[in-house]
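Let's take a friendly walk through a protein model. Have a look at the fold before you read on.

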Amino acid sequence: LFLKELELDFSRCLVIKRVAEGKKKVVAYIVFWIIVDDLYILDLAVHSCFRVFGFARQLVERSIDTARDKGCFRALLEVRKDNFKAIKLYKSFDFIVIGSRTAYYSDGEDALLMSRNINAHSHNSNDR
């Protein structure tokens, strides 16, 4: 899936690597699309041993900054309705729930659709 993402002109993948078990490994990543003036956050993951370092926050912030630089005005994402930590993270970036998707995930779980405006003219993190 990652290789297919890398082949798409509108897809971006950011990773954070750290030394774990003596080897440099990917410990966090985000996959997002920039299509016209929208940012779509598709996937965000942080290895459980590295969740206290703020990597998820850094990756979301970087994706929003990248989208702002590309002239995007809106960010969208889906999140499992019971993933309270992720929902809290996204709300801290001023994402709001704008809808839901029934049985969105392969296991039948519902998703919340969240959105936020991106101020295309500001690079100030205080605009959140």
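First, some ground rules. This is a predicted model, where local features need pLDDT of at least 70 and side-chain atom pairs count only at pLDDT 80 or more, while totals for chains, interfaces and linings use all residues. Residues are numbered from 1 along each chain as its sequence is written, and side-chain values use heavy atoms, with hydrogens and water left out.

**The sheet**

Helices (H or I, at least four residues) and strands (E, at least two) are DSSP runs, numbered from the N terminus. Two strands count as paired if DSSP finds at least two bridges between them.

In what order do the strands sit in the sheet? The 6 strands line up as β1-β2-β3-β4-β6-β5 in an open sheet with mixed pairing. At the edges you'll find β1 (11–20) and β5 (96–101); each has a single partner strand, so one side of each is left without a neighbour in the sheet. From one strand to the next, the twist averages 25°. That angle, like the others here, runs from 0 to 180 degrees between N-to-C directions, using axes fitted to C-alpha atoms (for helices, over the stretch in contact).

| Strands | Bridges | Direction | Example pair |
|---|---|---|---|
| β2 and β3 | 8 bridges | antiparallel | Tyr29 and Ala45 |
| β4 and β6 | 7 bridges | antiparallel | Ala75 and Arg116 |

The strands β2 and β3 form a hairpin with 2 residues between them, and in this hairpin Val36 takes a positive phi near 55°.

**Helices on the sheet**

Contact here means heavy atoms within 4.5 Å. Helix α2 (residues 55–69) packs on the sheet and touches β1, β2 (23–35), β3 (38–46) and β6, with its direction at about 35° to that of β2. Helix α3 (residues 84–92) lies across β3, β4 and β6, and runs at about 165° to β4.

Buried means under 20% relative accessible area and exposed means over 50%, with partly exposed in between (1.4 Å probe, protein chains only). Which residues of α3 are buried? They are Ala86, Ile87, Leu89 and Tyr90. These four cover an arc of only 160° around the axis, which puts them on the same side of α3; the arc is that of the directions from the helix axis to the C-beta atoms. The buried residues of α3 pack against β3, α2, β4 and β6.

**The core**

A nonpolar core is a set of buried Ala, Val, Leu, Ile, Met, Phe, Trp, Tyr and Cys residues joined through side-chain atoms within 4.5 Å. The largest one has 30 residues, and those with the most contacts inside it are Leu39, Val79, Tyr90 and Phe95. The elements giving two or more residues to this core are β1, β2, β3, α2, β4, α3 and β6. Among these, α2 gives the most, with 6 residues.

Take Leu39: beyond its neighbours within four places in sequence, its contacts include Phe32, Trp33, Ile64, Ala67 and Ile118.

Asp94 isn't a glycine, yet it has a positive phi of about 70°. You'll find Asp94 in the loop between α3 and β5, where it is partly exposed at 41% relative accessibility. Ala103 isn't a glycine either, and its phi is positive too, at about 50°. Ala103 belongs to the loop between β5 and β6 and is partly exposed at 44% relative accessibility.

**The cysteines**

How many disulfides does the structure hold? There are 0, where a disulfide is a pair of cysteine sulfur atoms within 2.5 Å. For Cys13, the closest cysteine sulfur is in Cys72, 16 Å away, which is too far for a bond. Cys13 is partly exposed, with a relative accessible area of 26%, while Cys49 counts as exposed at 56% relative accessibility.
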